[in-house]
Amino acid sequence: MKDLATIVKKAFYIARTGRPGPVLIDLPKDVQIATTEFKYPETVDIRGYKPTVGGHPKQVEKAISLLLEAKKPVIYVGGGVILGNAAEELTKLAQLLNAPVTTTLMGLGAFPEDDPLSLGLLGMHGTYYANMAVSHCDLLIAVGARFDDRVTGKIASFAPHAQIIHIDVDPTSIKKNVRVDLPIVGDVKDVLKQLLKVLAGQAEKAATFQKQIVPWLQEIDAWKAKHPMTYKSSTSVIKPQLVIQKLRELSKPDAIVSTDVGQHQMWTAQFFKFNRPRTLLSSGGLGTMGFGLPAAMGAQAAFPKRQVIVVCGDGGFQMNMQELATLVQNRLPVKICILNNNFLGMVRQWQELFFDKRYSQTCMELPIDFIKLAEAFGAKGFQATKPEEVEAVIKKGFATPGPVIMEFKVAREEKVLPMVPAGASLTEMVLAS
Ligand SMILES: Cc1cc2nc3c(=O)[nH]c(=O)nc-3n(C[C@H](O)[C@H](O)[C@H](O)COP(=O)(O)OP(=O)(O)OC[C@H]3O[C@@H](n4cnc5c(N)ncnc54)[C@H](O)[C@@H]3O)c2cc1C
Ligand SMILES: Cc1ncc(C[n+]2csc(CCOP(=O)(O)OP(=O)(O)O)c2C)c(N)n1
């Protein structure tokens, strides 16, 4: 019992430092019911746990030299920038260099997507221009990103012309999947500050760099013009991408959006256009269907005054829909947006593209009445079945106090595009026609 306060302090220290993440405290029953004097330690020292904070100064200098020599740079930003609260430093670096930035799913919001330097998402469902830029760059600087297979596609042809700099707090992340020319182990906020400091002393070289990358920025603009992130609109059926665009347009700038796993998650990543860190909650590589609703619930409890929106599919929503009771009971005004395609859409998409449309176990034609379901729990529900109803339903949903389900009957066989088929190179994208 006397150890409990120190253990809790240690657990929070480990959870928040180094590569942050969950920590399990096993609390036996005898400890739970014992009493002691509460003394919470100011600091803790854990033998064998000393995460590196600052980057090695020589590596930082080398990185700036490599960077300033580049003619085709790309900054590849991951969830580490958000976890390390380094969005401000990252944005400063990109803007100082006038260099293009692409973000992983977990990095969305670390750099404003409204900024002309933003290339949006890269990887399997990334933008054409982000994937082309990574495939043609001569310098890739990865900041708090872990080269997931959904990002790299075929490893052998990932960033084939680039020198790669990798900044990561976890040394085991470095060279795990791809070759790295210059590793910098350290906390991303500290390392970015170091880079900015070295750069500040090289203003002349930085100005030359900005000039030397102008043709590269033009090349990227041409890719943006050739294949913008777009979709075929419809006047007869609700396109899911339209719902995401309208959610973006009608929500507050600091709204928090959580997603489940599937097509709706990717459309959110492609079309919501995140401008601020910690505004997208998604389960990333864990691919946890059912994650969206409880994640939103936690966010709403932590930020009672902020708008919290869940985007989910009709499949994933059913995995935790009983939590409607918790929302109602705790007066958590989460707005739930169900993109209902009556399919386990992402799996259906793979069955369409790679298994000759042999749909198996993905068709969900149950006539679930999500509006009645909301009402059964004492929440409100609104439904849109036509494109012209989308805006009104979102407005009504946002204006209604308490938890709300907004159900959109969307185009059933819409695909998430672009798509890099599993194992293909980033340049081998299936594009929206
Ligand atoms: C259906 C589906 C499709 C997907 N498609 C895509 C896609 O097209 N594109 C895409 O990007 N993702 C996609 N994903 C998500 C993908 O699986 C990975 O979750 C994601 O790419 C990982 O992002 P990340 O590299 O930013 O890693 P994270 O998991 O966020 O890892 C962060 C990295 O930063 C490091 N780090 C943490 N804190 C710090 C710190 N303070 N300082 C320095 N370093 C730190 C960590 O050690 C780690 O290496 C998809 C997922 C699903 C389920
Ligand atoms: C718990 C769990 N089961 C299965 C999967 C595999 N899976 C990934 S996406 C997906 C389909 C999700 O369907 P839905 O929630 O309706 O969303 P949509 O893709 O239609 O937007 C499935 C079954 C998973 N990621 N998690």
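In this briefing, Ala, Val, Leu, Ile, Met, Phe, Trp, Tyr, Cys and Pro count as nonpolar, Asp, Glu, Lys and Arg as charged, and the others, Gly among them, as polar. By that division, the shell around ligand 2 holds 7 nonpolar, 9 polar and 1 charged residues. The structure is a predicted model, and the protein in it has 18 helices and 12 strands.

**Surroundings of ligand 2**

- Ligand 2 is surrounded by 17 residues, and the closest are Gln263, His264, Gly287, Gly316 and Gly345.
- Three helices, α12 (263-271), α14 (314-317) and α16 (345-354), each contribute at least two residues to the shell around ligand 2.

- A polar backbone atom of Gln263 lies 2.8 Å from an oxygen atom of ligand 2.
- For Gly315, a polar backbone atom is 2.9 Å from an oxygen atom of ligand 2.
- In Phe343, a backbone N or O atom is 3.1 Å from an oxygen atom of ligand 2.
- Ligand 2 taken alone exposes 590 Å², of which the protein buries 75%.

**Overall form of the protein**

- The radius of gyration of the protein is 23 Å, which agrees with a compact globule, because a globule of 433 residues would have a value near 22 Å.
- The C-alpha trace of the protein spans about 70 × 65 × 40 Å along its principal axes.

**Packing and surface**

- Of the 433 residues of the protein, 50% count as buried.
- Among contacts between residues at least 6 apart in sequence, 73% join residues at least 24 apart.
- The protein exposes about 20,600 Å², and carbon and sulfur atoms supply 55% of that area.

Notes. Residues numbered from 1 in each chain as written. Chains lettered and ligands numbered in written order. Predicted model: local features only at pLDDT ≥ 70, side-chain atom pairs only at ≥ 80, totals over all residues. Heavy atoms only, no water. Near = heavy atom within 4 Å. Polar contact = N/O pair within 3.5 Å; in protein donor to acceptor, adjacent residues only side chain to side chain. Areas by Shrake-Rupley, 256 points an atom, 1.4 Å probe, with all protein chains shown as cover. Helix = DSSP H or I, 4+ residues; strand = E, 2+ residues; numbered from the N terminus. Rg over C-alpha atoms; globule rule 2.2 N^0.38 Å. Buried < 20%, exposed > 50% of the residue type's maximum accessible area, 1.4 Å probe, protein only. Contact = heavy atoms within 4.5 Å.
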